[in-house]
Amino acid sequence: MALETYHKKRDFTATPEPRGREGGRKGRKAGHSFVIQKHDATRLHYDFRLEMDGVLKSWAVTRGPSLVPGEKRLAVHVEDHPLDYGDFEGTIPKGEYGGGTVIVWDRGEWWPIGDAHKGYAKGHLDFELHGEKLGGHWHLVRMHKRPGEKRENWLLIKGEDEVARGEGDPDILEERPELVKTGRVINEVAGEEPGWSSKTGKIEKKAAPKGAETPATPTLKGAKAGPLPDFVEPALATLQAKPPVGGRWVHEIKFDGYRLQARVEAGRVKLLTRGGLDWTKKFGKAVPEALAALPVGKALIDGELVVENAAGASDFSALQADLSEGRNDRFLFYAFDLLYLEDRDLRGVGLERRKAALKNLLAEAGDPLRYSEHFDESGGLVLNHACRLSLEGIVSKVRDAAYRPGRGKGWIKSKCGNRQEFVVAGYVPSTTARRAIGSLVMGVYDEGKLRHVGRVGTGYTVSVAEELFRRLERMRVPDSPFDDTLTAEERRLVRYVRPELVAEVDFRTWTGDGNIRHAAFRGLREDKDPKDVVREPAANAPAGTARAVGRAEPKPLLKLSHPDRLYWPDEGVTKAGLADYYAEVWRSIAPFIVGRPLALLRCPNGIAGEKFFQKHAWKGLSKAIVQVSDPTEPVEGPLIAVNDLDGLLGLVQAAVLEIHPWGSTLKDWERPDTITLDLDPGEGVAWQAVIDAAREVKDRLERAGLAAFVKTTGGKGLHVVAPLKPKADWTAVKAFTKGIADAMAADSPDPLRGHHHQGQAHRQDPGRLSAQPAGRHGGRGVFHPRAARCCRLHAPGVGGTEPGHRPGLFHGHDGAHAAGGPVGRPLGGFPGGCPAPGRGEKAGAEAGRLGAAVKGLAPRLVSGRMRLPIAQEVPSCA
């Protein structure tokens, strides 16, 4: 029944709306009527209704129709209405569905162009309107649903014809606000008793009770009546090395984007920076339109606009690149606080209550709007796993605190690594390109004086380097803007500029003389005032994570001998090229190799020469490489490990071209924290068979209670990985994984072959697929994400474990995901430089969907697109 939903949503003993029936009044002939009703409910909008099949097909047009051709107006498809509703004017009681004032703004007839039923079913209606205000050619186009989106969104678009208007012409909504029946405007109808219509005449107005609540403005302790502020100074977090402890704190993910306030009023939206600048037009139409479509008249929302990389993590560099290219299709707005709702100022309300109201407001919203959840668990635990995911850090907040502008102790930020803003005070021209910068000269303010902190020479694309050159050339000054005196080396080749720009920079550490070390440019921060840029306290990664940062490291970076030695001769990749690559992707790979025993494949003369597998230390080993004794094999000699990038570069110096990490850490040798099942196809096994096997392994692990992820290996197989709490020993874990592999082989003997002991040499049978669990010593089949491979697999590039665009590899929302960390810029010819995923594959074990898969913690979304692979216990093997 077409009106079933309409009837279910209304109490006709309380609302004056017509009950109606399909076909309308008895004896009424079917026609092509249309009506547009201006509806001042929780938000002002226009209800666009077309008569079809005896009912009014209805859409809620959030900003109303526009006569400008091509201008898209969001139209949310709602339930069918009876034909009698086309004459309805009056007020619907507050608390009833759609409570508010309704007037007939326009009416007339519509005529389809082509078959209306086929167009409606297909999602593209072409038609003409013949109304008292609107006319001409129009389109209604259904949009594709985004993941998690519940509403059916269409677009109402005016076609080109003689009644169309230009962008500079008057807006029909402002030019003709009056009712078509009586000539009154909506404010003259507001407040009237329910049931008024032009047929019964005017009913005397009654003022609404003062302080009346609506469904959108629930009673919240601490809320105060008041006008919607133009702007609120944002609350800012104080940096601490470690998150606070105790039950009074909740913890959120720290996003890597632009902090914005979304101001919503009567369908009009402004996006305001932390300094109050209006940047609405900077970010395209999708985000403002989604905010305007929220079921609210007035709101002030605190959040962050981001772009996510292929790993599903927010990435400021990607955001900057999209803005530079004029691209706005990837923008997402994460909302984490609600400061004002309808007629109530919520800044005095406790945080959890504000967030509950915000979550309710966003309940029906899909992309590009997302709600930022929070964790009640230990801040140290949340930070630890945020760092494993290569996220920026977390923000801890007092759960019952009011919203207090400015920097205070109620919000504490803890970072995974060193990243902060610096003032651009000069640049050094590139030595390899004309009219491009080679490095930026940075500073910070200290008690009002600008202090030099060093140069940043990496992280620039060609276009960014050229754009920075053009911009900085116009800002040149003859003298140094620094208040301290620079050394001759610090002054060399520097061109000084006015200190007016702020750049965000990643760096490894501070040196003993106060300079930043191993720094990479992330982007300009045009929302920050240079005078506010000071040296922040160094961050300390949680114990056991990859990036133990924040200590001054005055020692220079390990120097390579014979840096031009070719490791991959056909591709021209040298020792220095491999070192540069590892420096760039260090943040992504560190969690998988730091603090673990490593097995190595060395190729002293490159991939064309001798190769040998090595797991024990050798003479002449770099001091940056850690030698560790295996407690179970003390007489075998020390094993190899690394603690930092210098240690990894020491392996590069020693011609280590493949690294095979153990599934356990140095902290707990005998209890693995990772399960890896290596799917190794023989000759003739189709790629689809490998995918199917990976799906089956993933399903079996998940049925056993583990969160499993899939990643590529850079070769012809796949890995299925599951993080563990390090409780079960190797014997139990290998028995469990062997059982998985053997059960698969028994259930599907062709083409799958089951378990092989990791240390056992074997030749893969043609046409067979081997499922091998990784053992205690890592083994040659286990690779970390973004690993280089000592082979030539993907001509003309070189094999690596960066997620590549493999046909059929788990695209989509709920499948397994190719792992490998945030997708970086491929370095020309570098090993592992496979093309980045083209359809948004999310990362696996290190950056899957943040929020689920913790034994004892309730699964829930945090950033909406990532899962937190917090360790879990291996199921019983019984």
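Here, buried means under 20% relative accessible area. With that in hand, here are some close-ups of a predicted model.

**View 1. W59 and Y120 meet edge-to-face.** At a relative accessible area of 1%, W59 falls under the cut-off and is buried. Its partner is Y120: the two rings sit 6.4 Å apart, centre to centre, with 80 degrees between their planes, which makes the pair edge-to-face. W59 comes from strand β3 (residues 55-61) and Y120 from helix α2 (residues 116-122), so this pair ties together parts that are 61 residues apart in sequence.

**View 2. Zoom out from W59 and a cluster of rings shows up.** Ring pairs link W59 and Y120 with F34, F48, W110, F127 and W154. In total, the model has 22 aromatic pairs.

**View 3. Y258 and F283 make a tilted pair.** Here the ring centres are 6.2 Å apart and the planes are 55 degrees from each other. Y258 belongs to strand β13 (residues 258-265), while F283 is in the loop between β14 (268-273) and α5 (286-292), so the pair ties together parts that are 25 residues apart in sequence. Y258 is buried, at 1% relative accessible area, and F283 is buried too, at 1%. Y258 also belongs to a second, separate core of 36 residues, whose members include L305, F316 and A318.

**View 4. Two charges sit over tryptophan rings.** In one spot, the charged end of K282 is over the ring of W279, 4.6 Å from the ring centre. In the other, R535 lies over the face of W510, with 3.8 Å to the ring centre.

**View 5. Here is the largest nonpolar core, with 38 residues.** Nonpolar side chains tend to be buried together in soluble globular proteins. In this core, the residues touching the most other members are F422, I437, L440, M442 and L472. Elements giving two or more residues are β21 (418-429), β22 (437-446), β23 (449-456), α9 (462-473), β24 (495-507) and β27 (520-524). The top contributor is β24, with seven residues.

**View 6. Now look at what surrounds M442.** Leaving aside residues up to four places away in sequence, M442 touches F422, V423 and V424, then R451, H452, V453, G454 and V456, and also F482, A503 and V505. M442 and F422 are both among the core residues that touch the most other members.

Conventions: Residues numbered from 1 in each chain as written. Predicted model: local features only at pLDDT ≥ 70, side-chain atom pairs only at ≥ 80, totals over all residues. Heavy atoms only, no water. Phe/Tyr/Trp six-rings, centres within 6.5 Å; stacked < 30°, edge-to-face > 60°. Helix = DSSP H or I, 4+ residues; strand = E, 2+ residues; numbered from the N terminus. Buried < 20%, exposed > 50% of the residue type's maximum accessible area, 1.4 Å probe, protein only. Lys NZ or Arg CZ within 6 Å of the ring centre and 35° of its normal. Core = buried A, V, L, I, M, F, W, Y, C linked by side-chain atoms within 4.5 Å. Contact = heavy atoms within 4.5 Å.
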